Amino acid sequence: MRAIRVHETGGPEVLRLDEVSAPEPGPGQVRVRVVAAGLNYIDTYHRSGLYTLALPFIPGSELAGTIDALGPGVSGWSVGERVVTTGGVGGYAELALAPAEKVVRVPEGIDLKVAAAVALQGMTAHYLVHSTYPLKAGETCVVTAAAGGVGLLLVQMAKALGARVIGLVGSDAKAALARGAGADEVICYDREPFAPRVRELTGGRGADVVYDSVGASTWEGSIDSLRLRGTLVNFGNASGPMPPISPLVLMNKGSLFLTRPTLWHYIATPEELAWRAGDLFGWIASGRLAVRIDREFPLEQAAEAHIALESRQTAGKVLIVP
Ligand code: NDP
């Protein structure tokens, strides 16, 4: 089968199209014929070596398709079922593996490409606003990269909870998309320091929470945007990781809370996975949640897909289609 493999870590050029043998599902695994793999920022961290995987590897943990084979000991699943997973192995390929316990059925009426587009970023947005810092009606949140894959979904979910949303974006076109998703205010953070503007927009008080996925270039502004005892949720490293800080910074800046969550710990049980995925599919079916697929790349153009994501050209989801 055709697959993208990384033989050594580095820039997008290390994503190479190879002919490899089909993976055999091991105990507890299913094999999926991939309709689409979702591109996520974590794929770039694996490719660059920021997060380590054993070489060589096929990137891609988010994928949707149909079950093609069952490994030993798998029950409750049948060949041909339409599924999506965020815990797959080797999604940038025609066939990929996933632990059966991390696979979710895709309801009839939901396109498999939409499922691949929403699963990882949608469940991330879901846990951030419902579990990490559960937003309440009337609270103010700041969302970095508000027109990004996670961002557009996060803005919609925060609005649905009744919060006021201040979105940070890198261009006018992205500002329009963030507003379209429901952001009450939008700040172009490349043009002006955003913390003073957030203070102004909140009457000097500051935001209750900042959901910061940009990291290195935004964390200081994020801290300066918070109210007393506000919460900084640093959940990504799009501009590089947030550096270590002393707990005394949190004291001096207003007895702040800092957390650095990851999706895997918020879908650790079958119940949590089913809850978050079920909410997403329900909201899509009822028209309450819109999923924006920015563009699709064929498998052989995986490097171009990474370049587009890392150079801030995309808004919403990017898919890789074998
Ligand atoms: P996005 O679609 O949000 O793309 C990244 C965006 O970050 C860009 O479009 C850009 O938006 C913004 N950005 C700002 N500065 C930079 C920079 N220097 N280089 C690149 N981008 C920059 O990606 P995803 O939705 O896939 O992921 C968003 C973030 O969320 C990532 O950091 C990812 O690691 C994190 N994440 C974390 C998870 C978790 O559980 N912890 C799970 C899923 C994602 P703009 O131009 O508007 O600034």
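Mentor: Let us start with Glu62 and Lys317, both of which are buried. This is a predicted model. Side chains of opposite charge can pair when their charged atoms come close. Here the side chains of Glu62 and Lys317 form a salt bridge, with 2.7 Å from N to O.

Trainee: Where do Glu62 and Lys317 lie along the chain?

Mentor: Glu62 sits in the loop between α1 and β4 (63-70), while Lys317 belongs to strand β15 (residues 317-321), so the pair ties together parts that are 255 residues apart in sequence.

Trainee: How many salt bridges does the structure hold?

Mentor: The structure holds 22 salt bridges. One of them joins the side chains of Arg2 and Glu94, at 4.0 Å from N to O. This pair, too, links distant parts of the chain: Arg2 is in strand β1 and Glu94 in the loop between β5 (82-85) and β6 (95-99), 92 residues apart.

Trainee: Which residue forms a salt bridge with Glu185?

Mentor: The partner of Glu185 is Arg164, and their closest N and O atoms are 3.3 Å apart. Glu185 lies in strand β10 (residues 185-188) and Arg164 in strand β9 (residues 164-169), 21 residues apart. Glu185 is partly exposed, with a relative accessible area of 23%, and Arg164 is partly exposed at 25%. Salt bridges can also be joined into a network, as they are for Glu24, Arg31, Arg33 and Asp68.

Trainee: Let us turn to helices. How is the covering of a helix such as α1 to be read?

Mentor: An α-helix has 3.6 residues a turn, so residues three or four places apart point the same way. Helix α1 (residues 41-48) is mostly covered, with six of its eight residues buried. These are Ile42, Asp43, Thr44, Tyr45, His46 and Arg47.

Trainee: Against which elements do the buried residues of α1 pack?

Mentor: They pack against β1 (2-6), β2 (15-19), β3 (29-38) and α9 (302-310). His306 lies in helix α9 and counts as buried because its relative accessibility is 0%. Leaving out residues up to four places away in sequence, His306 touches Pro12, Leu15, Leu39, Asp43, Thr44, Arg47 and Tyr92. Just after α1, Gly49 takes a positive phi of about 100°.

Trainee: What domains does the domain assignment give?

Mentor: The assignment gives domain 1 (2-119 + 272-321) and domain 2 (136-260). Their C-alpha centres lie 28 Å apart. In contact are 15 residues of domain 1 and 18 residues of domain 2. The area buried between the two domains is about 1,200 Å², with carbon and sulfur atoms giving 56% of it.

Trainee: How many salt bridges and polar contacts are found across the interface of domain 1 and domain 2?

Mentor: The rule finds one salt bridge there and seven residue pairs in polar contact. On the side of domain 1 that touches domain 2, α1 and α8 (270-285) each supply at least two residues.

Trainee: Which residues touch the most other members of the largest nonpolar core?

Mentor: They are Leu135, Leu154 and Tyr211, in a core of 57 residues. Helix α2 (residues 112-132) gives the most to this core, with twelve residues. Domain 1 and domain 2 both give residues to the core, so it lies between them.

Trainee: With which residues is Leu135 in contact?

Mentor: Leaving aside neighbours within four places in sequence, Leu135 is in contact with Val129, Cys141, Ala158, Leu161, Ala163, Val209 and Tyr211. There is also a second, separate core of 18 residues, with Ile166, Val198, Trp219 and Met242 among them.

Definitions and conventions: Residues numbered from 1 in each chain as written. Predicted model: local features only at pLDDT ≥ 70, side-chain atom pairs only at ≥ 80, totals over all residues. Heavy atoms only, no water. Core = buried A, V, L, I, M, F, W, Y, C linked by side-chain atoms within 4.5 Å. Buried < 20%, exposed > 50% of the residue type's maximum accessible area, 1.4 Å probe, protein only. Helix = DSSP H or I, 4+ residues; strand = E, 2+ residues; numbered from the N terminus. Domains from an automatic or database assignment. Contact = heavy atoms within 4.5 Å. Buried area = accessible area lost by both parts, 1.4 Å probe. Polar contact = N/O pair within 3.5 Å; in protein donor to acceptor, adjacent residues only side chain to side chain.
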